[in-house]
Amino acid sequence: MTKRAMSKFALAISVAVGFSATAIAIPPAHTPEELPQLQPEEQHGVASGRVARFFTRDHFKQMQLDNALSAQILDRYLDMLDYNKMFLLQKDVDQAGEYRDLFDDMILTGKLNAAYSVYDKSLQRRFERYTYALSLLDAEQPFDFTKADDKYYFQREDAPWAQNQAELDELWRQRVKYDALNLSMTGKSWPEVVETLGKRYNSALKRLTQTNSEDVFQTVMNAFARSVEAHTSYLSPANAERFQQNMNLSLEGIGAVLQADYDYTVIRSLVPGGPADKNGNLAVDDKIVGVAQGDDDFVDIVGWRLDEVVELIKGPKGSTVRLQVLKANQSAGTAPKEIAIVRDKVKLEDRAAKLEIESPETGDYAGRKLGVINIPGFYNGLTDDTKKLIDEAKQADVEGIVIDLRGNGGGSLSEAISLTGLFIDKGPVVQILDHRKRRDINGDRDGKVYYDGPLVVMVDRYSASASEIFAAALQDYQRAIVVGENTYGKGTVQHHRALQMYPFDNYDNELGSVQFTIAKFYRINGGSTQLRGVSPDLIMPSVIDAEEFGESSQDNALPWDQLPAANYETTSTVAVDSFTKWQETLNKRIQDNPEFQYVFEDIADYQAQKDRTWVSLVLAEREAEQAEEEAKKLARANERLKRLGLEPVEAAEDIPEDIELADPYLTETMALSFAMIDAQKLAMN
């Protein structure tokens, strides 16, 4: 790009902010002059070069930082700046396109001024939009929520960029009306709605004025990282420090791991045994959009910096924080769920594996016992703990053991290998291919079987990484029957490296760190767990769409492939040829289980709504949808109360909170286990 062209672009971004509104109903609390003039700092050039070397030299993908990747980085950078195409104009994108073949050179040399110019333009456009949003608020003139066919298109990733301000004005009219309608439906009067939105949009303006150079650098580096691979990232110095303290992006007090995803704060994992995990209402990929302390009013956090969100949510043990959450599987356009969580310290014993001796009270298998070992994560010492639990199960005279890995996001590879060794004599457990394409086979060598009885492994879409290695190995050995949903499909290994590499660096830990993929996991049968995960032997219905959640939904996820199979012999304790019959048995029981009828209804609702990209701005239509949801919730609650022999309630708010909901997946897994145990005994006789 010529100096003349760069100067032309720099001039374009210096134009004074303007918008098409004729009046300011709520005055902005900040002016465009308060926006910072951002420039790369000295350490950014050093950090950029080191990030590039790590990603090009040591990454499993072994890619080249060239013009092809440069174009992808620019596209992802623009996507990160305006993922929903609500701020930038087509002409802004066209101007930024002049740098399409320069991002590789900028990153290699550390000369990032052009990337900063694009970010400056984004700041100005955001300032314009929030100022325009304020101009639409008038305490004396409420929006008309009866206008037929008025809609807010909340999902615009695939939409074209706006051609002019008039198009953006219409998008923001819908956005502000949507925000106002949501608040009106909570019972707020119109002046209260205007006051709340005025604070929200002015708060957004304030955050824009507080943008710093590190924010830009982190965005550029992560546009680079995510253009390489899904699990590759750059951590700013502040986030790198949290990582080193084992607090990386964690919410102190509720036990959850967060990540910034465009304007949203997203749950990436829950700490096993933590308050959020115990609460049971939060899940991976849920979006937190509001936070309240105790009984205080909610603070809207859409668009907030991640560190600000962390500060807002963490707090002293015993205090309550309330979250407004958009559920990952929530129907498009429905109101956020409100979740109250009592902050607490995560206790080590809460994260440990636990044994429950389960015995059906009624039915064909009443009085019989199974040991169910729930493993929330593969922590150090898990294998020893599981040995003790197996001993307890044997002493209780159980007929078999179920290993419950639902929601288990992984952990220690060595524990996955040693835990597998409890159930096999000896042999390989996992194959690992590193970035130099060297294959290593890890396995169990002790020649001992700690438990040789009937074994079932439960998995779901949230079972990932080490969970998948364990389940895949027992499946390949035909040692256990895997039951549930297809697993997540994360078959990669990440390495964390500080960019402060030398004792003579004079940057006082200002360089941050990187996390990047260095190896890939493979089953002993040769297939990778990457992308495809582990397919259960016996499948249960799932509300979660595999294409919407899991490794296969991630941009730039590494592909599935395979290596030669390792040398191993099956135990043949599982009759693989009988799976078709058992699947038919399971399907019939599921159809007869009233709890699974709710699952099927939720699946149907999700499928009907998943491709919907808009929400109605007609109050009557939204209230009807809300009433339908409440009626469904009440009907299900009363059906459950009836099955428990309890009296029905008249309203959703009267539903008892202390009712223990049935776990239909575990119920049917246990019944299936007893049936297979009986069939095995019959075959032996």
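Let me start with helix α16, residues 466-476: eleven of its eleven residues are buried, so this helix is largely enclosed by the rest of the structure. Buried here means under 20% relative accessible area, with exposed over 50% and partly exposed in between, using a 1.4 Å probe and protein chains only. Helices are DSSP runs of H or I with at least four residues, strands are runs of E with at least two, and both are numbered from the N terminus.

A word on the source. This is a predicted model, in which local features need pLDDT of at least 70 and side-chain atom pairs count only at pLDDT 80 or more, while totals for chains, interfaces and linings use all residues. Residues are numbered from 1 along each chain as its sequence is written, and side-chain values use heavy atoms, leaving out hydrogens and water.

Back to α16. What covers its buried residues? The cover includes α15 (413-421) and the strands β12 (401-404), β13 (427-434), β15 (455-459), β16 (481-484) and β18 (513-522). Contact means heavy atoms within 4.5 Å. Just after α16, Q478 takes a positive phi of about 55°.

Now the domains. The chain is divided into domain 1 (32-228), domain 2 (250-347), domain 3 (351-502 + 512-575) and domain 4 (590-684); these bounds come from an automatic or database domain assignment.

Next, the largest nonpolar core. It has 75 residues, of which F55, Y77, F103, W172 and F224 touch the most other members. Such a core is a set of buried Ala, Val, Leu, Ile, Met, Phe, Trp, Tyr and Cys residues joined through side-chain atoms within 4.5 Å. Helix α6 (residues 113-135) gives this core its largest share, eleven residues. Domain 1 and domain 3 each supply at least three residues to this core. Leaving aside residues up to four places away in sequence, F55 touches M63, F224, A225, V228, T232, S233, V514 and F516.

Last, helix α17. Where is L586? It sits in helix α17, and L586 is buried, with a relative accessible area of 0%. Its C-alpha atom is 7.3 Å from that of E668, 82 residues apart along the chain. Not counting residues up to four places away, L586 touches L538, I539, M540, E668 and L672.

Helix α17 (residues 579-592) packs against helix α18 (residues 594-609) at about 90°, with axes 5 Å apart. The two are therefore roughly perpendicular, a term for angles of 65 to 115 degrees. In that contact, I590, Q591 and D592 of α17 meet P594, F596, Q597 and F600 of α18.

Key
Axes fitted to C-alpha atoms, helices over the stretch in contact; angles between N-to-C directions. Parallel < 35°, antiparallel > 145°, perpendicular 65-115°, else oblique.
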